[in-house]
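This report goes through selected features of the structure shown below.

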Amino acid sequence: MAAANRAIPADKEVYSNAMYHRRIVHRRQITFCLLAFPALLWFLAFMLWPLLNMLYISTTQWDGLALPQISNFPDNFIRLYYDPNIPIALRNTGIHLLFGILGVLPFAFMLGFFLSLHKPGYRILRTIFFSPSLISVAALAMIFLGLYRPAGMLNSFLNTVGLSSLTRVWLGNQSTALAALIAIDIWSGIGFYSVLFFAALTNIPEELYEAAMLDGAGYWTIMWKIAFPLMLDFFGVVIILQFLYILSGAAQIVILLTNGGPGTSTLTLGYYLYSQAFLIQRMGYSQAIAIVLFSIGILVILLIRHISSRLSY
Amino acid sequence: MNNRRISMMIALLVVTSMALSACGGTPATASPATSAPVEPTSAPVQATTAPAEPVTLTIWHNWGPDDAKGPPLQSIFKDFMAANPDIVIKDEVYVDADIPLKVETASAAKQEPDLVFVQRVGSPQTWTEAGIALPVNDLIKEWGLDGLFKEAALKEYTLPDGKIQAFPLEGYTWPIWYNTSVFEKAGVPIPTTTDELIAAAKAIRAAGDQPIIASGSDGMGLYLFTLVLQSLLPDEEAKKCLGNGEWTLPSCISAVELFVQLRDAGVFADNVEGLDFATANENYFAGNVGMSHFGAWSFADPPKDLQSKIQLGGFPLPAGSPHRAPVIYSSFSAKGVWVTPNGGAKMDAVKKFIQFLYKPENLARFVEQAGMTPPLKDVPIDASKLNPLFVQSLTMPVEIAMTPDDYYPPKVQAELGTGKLSQLAFTPGTTAEQILADLTALYEANK
Amino acid sequence: MSTRHSQITQKARNSPDGFVIGGYFFSILYAFLIIIPLYFVVISAFKNNSQIITTPLALPSALDFNKFLQAQSNVNLLRAMLISVVVAIGAEILTLVLAFPAAYAIARMQTRLASLTEAIFSLGFLIPSLAILMPVYLMTAKAGLLYHPIALVILYPAFSLPLSLILLTSFMRKLPRELEESAVMDGGNVLQIIIYIFFPICMPGILTVLVLNFINIWNEYLFALILMDSNNRTVQLALALLRANQRSVDYGLIAAGVLISMIPVFIIFIFFQDRIMSGMLTGAIKE
C-alpha cells in the first residue's frame, strides 16, 4: 500500500483510497497483459495447439504419417490398460527418476556449495563440471559405448585393477543396462546442477557465513543449516527441471544406446512414446502414452511446488 | 553501460538477420555431397518446342561420398545431365532411417521430392496405398523396361493387388563370411553341418580365436538369429512362425531350441550380446574370428590382407534340414526407386532419367564399383573390375532362404528390428522357453 | 570472549578444514571422471578404428588431421555449425524478448492473472513436441519458410519459453521490492524499469537461461530434420549424416566431427562464464 501511495504524482488530485487502489490494480493488469501477451501468444500457438492435437490423435488409429487417421476411441486407452509394457515402463522410469534426482541433486548442491566458497581453482573446476552438459548426445553415445562395450574402457579398467570378476556386458545384461544408463545421467547431471547451485549460492551474502563461523560453525554445518534453507525455493525449481528432463528428454540416450533393451530392461515411458510413434508407427497409441506422461508430469510438478512453497514460508 | 548492452543486442539482431537471409537464399542448384562439383550445362537450346527453363528433378537418397555406391551414382548424374541439358538433377543426401519420415511429412504438404531412393522395408510399404508413391506398372511397360527386370526382383516389389511399388534397384546377398586362416589354424574344415560347426567352434576356441561374431545388440544380429531358425525350417513353416507368430508349432519350437543348443555349445563369440555392428566388423577384420554375417554392402570393407582369406558361404545345416545347401538371405529390397506425385508431374524428365539409370551399362557401374547385385537380367560387367568378394558371391554353394522381412507383420518387424529380443536370445542363460514366450507375446501384442 | 571461543575461531582460520579437503578430493575425483572421457574423444579423432578399440586411452602416434578434413568435406560441417549458431542466436534473442517482460509481469505484479499464466506455462514442459510435427511442417510450408533457417528461429522459442519463464520468474521473485520503488520515485515507467534496472540485475538468471536454451537448440534433431534440407543442415543433422554415411563405422571420423561441433559451444560457455562474474558484481548486492 505504501508503494501505491508513492506512485501517485504529487500534483494530481487525491482520490479516495479505495478508488485509487482499484485504479492502480486495473492499470497493473493492463500493463501485465501487454508485457506478457507476446509470450503468451507464442506459447498458446505452439503449446496449446499440440496439447489439443495430442488429445485428438490419442483417440485415433494412425499407423504412419502417410496413412489416414481413423477414430478408434477408446481402443488406445484400453490398450494402455492392458499393455504389460506400461507397468514396466513406469517402473523403469520411476527408478530412473529416483536415482536421477536423489543421486544428483544432493551431491550437486554440496559441490556447488564448495565451489561457492571460492577456494583456489574453483573457476577451472566449474568449467570442467559444466562440460558434460555441453556435449551433444551423439558424442555422449560414442563416449559411453566406448566405455561400456565388452572390450571397452570400463572392463579394461576392472581387469587392470584385478576386479576381473566384475566385468560384464554392461549394456547387454538385463540387470545392469538400466543402471548403466542412469549412471550417464548422474555423471552429467551432478556437474551441470553443481554450477547452477553455485550461481544461486553466490547471492548469499558472506556476512551470514562469517557470523556463523564466529559462532564456531564449520562449513558442513553452514552448508546445511544456512545455505540449504535459503536454497529451498531453488531446489524446488531444480528438482522440477531434472524431473522433466528424465521424464521426457532422457529417451535420447536410450534410443542411441539400448533401444529399450535388452528385453524391456531399459524401456522408459519417454522411450516407449518415441518407439511407438516412430519405430512401430503407432502414432495414436503413442499420444495416449504422451497423455500418461503429461498427467504424471503435472501431478508431480504441482506436488513439488506445493511442498516447496510450504517449506519456504 | 546499459546503453552498451542494448546496442550490443541490436547489433546481434542485425547480424543475425543478415546471416539468416544469406543462408536461406541459396539458389536451388545441384549440390551433390561429393567433392567433385557437378556443373550443369545450362544453356537451353533455342528450338521451337524446347522449354526455356530446365526441369529440376529432386532426388533424395543416402548414398553419400562414403558409400561405395556414392561415386557411381554421382557419375551417372553427371553423365545424364551432360546428355540432357534441359534437365537438372538436384540430389540431397539424408540419413537412410530419416528418409521415410521426411518423405511422408513433405508429402502431406505436397513438397515431396520427385524420386526417392529408399528401401522397401518399413513404412515405404504403405506409400503406394497412401498415394505417396505412384505404381510403376505402366511406366515399366511404356518405357521399354518390360522383360528387362529379373522376375524375382519385380515380384518382391509387387503388392498383393498387383501394383508394383517402385523400380527395384539394389539387390544384395547376405552370406556367412568364413575366415579360412582361422579354420586352418584350428585344424578344422569349413563346416557345412551344425555338428561340424560345433566341433569347429571348440577347436577354434582352443586355438585362441573366437568362432562366430555377431552384432547381438542391434537389428543386424536379428538376421543371424532368424537365419539359424530358418536353417531348420522350410519356407512354408518359416512363414507360419515369423510371419504369423505361430510359435507353438513343433517345427518352430525345434528351430528355437536349435538356436539355444548352438549358443550353449559356444558357437557364438563371447559377449556377442553386447556387440554392435561396428565392433563386430572390427573384430572380424582384425582376423581372429572364424565366421561373421555381413551383407554385400560390406564387400568393399575388409583390409586387403584379409580379402584372400575370406570364403563366402551359407549357414551350416542342422540334421533334418529341408534345405539342400547352407542358407543365406538375398533380396532386392535394399533400394528401390520410388516415383512420387511430384515426380509424376514431370514424367518426361523422370522417364529420361529412369531409362538412363537402367541402361545395363550404367547399372554396371554399381556392380563394378560397389558390388551391387543388379535388378536387371543382363548387365555386362568387366569381371576384372569386380570386387573379388562380389565375384565369389555369384557362385556360392548356397540356398536362398525366404527373407522374413517380406512376411513379418509390420509392427512386429519394427520391434524385432530394434534388436532387443534377439539380444536376449544371444545372452547366455536365456532358455528356449523364454525366447518362445517373448516371441509369442510380441506377436500377440502387435496383431 | 572466552579462550575457548578464540580457540575455535583460530581453528577455523588456520588449520586446513576437513570439509575443504573433502571438497577438493571429491571435486578433483569427479573432474577426472569428466576429463577422461573427453580426453578419449579428443585423441580418438586422430586414430583409426582398431587403435580406438584396442587402446582407447593411448595417445595417438601422430597428429593426423585427416579425419577433421574428411568430416568437413563429407557433410560440410562448418556450414552446418554456422547455421546452428545463427539459429541459436536468433532464437535466444527472440526467447528473451518474449520471456523477460512476461517474467517481470508474473513475478512483480501480483495479480491473479499472473499465477494463472505461470501455471499455464509450467504445463508447457510436458507436452511432447512430436504432437505438432505435422502441423508445424504444414504451417512452415504454407508460410513459404520451408528449408529456411528462419523457420527454426521462429519455432524454437516456443520450446524454450516454459523453461525460460519459470527460471526468470523464480529469479526475479527474490529481488527486493525497493528496486522498483526507487525507480518509480525517479519517475520511470514500466518499460524503463525493466530495461535499465531489472535486466542488468537479472544477468545471472538470464545467462543461465541462455546457456540452457543454447544446449537444447544445439541438440535439437527432429524439427531440424523435417524443416531443413541438405543445404541448410544444422550441426546435429550433419553429425548424424557423418555417422550414417559409412557402413563400417569410423569412430575417429565421428570423434573429429563431434569435436568440431563442440568448439562453438565451449567458446560460448567460456565467454559467458566470465560475464556471469561481471554481471553479478555490477549490482546484485549493492542496493
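**A residue in a strand**

In which strand of chain B is His61(B) found? His61(B) belongs to β1, which covers residues 55-61 of chain B; strands (E, at least two residues) and helices (H or I, at least four) are DSSP runs numbered from the N terminus.

The model is predicted, so local features need pLDDT of at least 70 and side-chain atom pairs count only at pLDDT 80 or more, while totals for chains, interfaces and linings use all residues. Residues are numbered from 1 along each chain as its sequence is written, chains are lettered from A and ligands numbered from 1 in the order in which they are written, and side-chain values use heavy atoms, with hydrogens and water left out.

**Surroundings of His61(B)**

His61(B) has a relative accessible area of 0% and is therefore buried (under 20%, with exposed over 50% and partly exposed in between; 1.4 Å probe, protein chains only). A polar atom of the His61(B) side chain lies 3.0 Å from the backbone nitrogen of Trp63(B).

Leaving aside neighbours within four places in sequence, His61(B) is in contact (heavy atoms within 4.5 Å) with residues including Leu73(B), Phe77(B), Asp91(B), Tyr94(B) and Phe117(B).

**Chain B as a whole**

Chain B contains 20 helices and 10 strands. Of its 447 residues, 58% are buried. Among the contacts in chain B with a separation of 6 or more, 77% join residues 24 or more positions apart.

**The second largest cavity**

The whole structure holds 10 cavities of 30 Å³ or more. A cavity is a set of points on a 1 Å grid over the protein atoms alone where a 1.4 Å probe fits but cannot get out, and lining residues have an atom within 4 Å of a point. Grid points are joined across faces, edges and corners, and a volume is the space filled by probe spheres set on the points.

The second largest cavity has about 70 Å³ of space. Its lining includes Ile213(B), Met220(B), Leu224(B), Phe277(B) and His293(B). The largest share, three residues, comes from α9(B); α9 (219-232) and α12 (277-285) of chain B each supply at least two.

**Chains C and A**

Where chain C meets chain A, 95 residues of chain C are in contact with 87 of chain A. Together they bury about 8,200 Å², 80% of it on carbon and sulfur atoms; buried area is the accessible area (1.4 Å probe) that two parts lose on being put together, summed over both. Phe19(C), Tyr30(C) and Leu126(C) supply 9% of the area that chain C buries against chain A, more than any other three residues.

Conventions:
On a 1 Å grid over the protein atoms alone, a cavity is a set of points where a 1.4 Å probe fits but cannot get out, and a pocket is an open set with protein on both sides within 12 Å along at least five of seven lines; lining residues have an atom within 4 Å of a point. A polar contact is a pair of N or O atoms within 3.5 Å; within protein, one must be able to donate a hydrogen and the other to accept it, and residues adjacent in sequence count only if both atoms are side-chain atoms.
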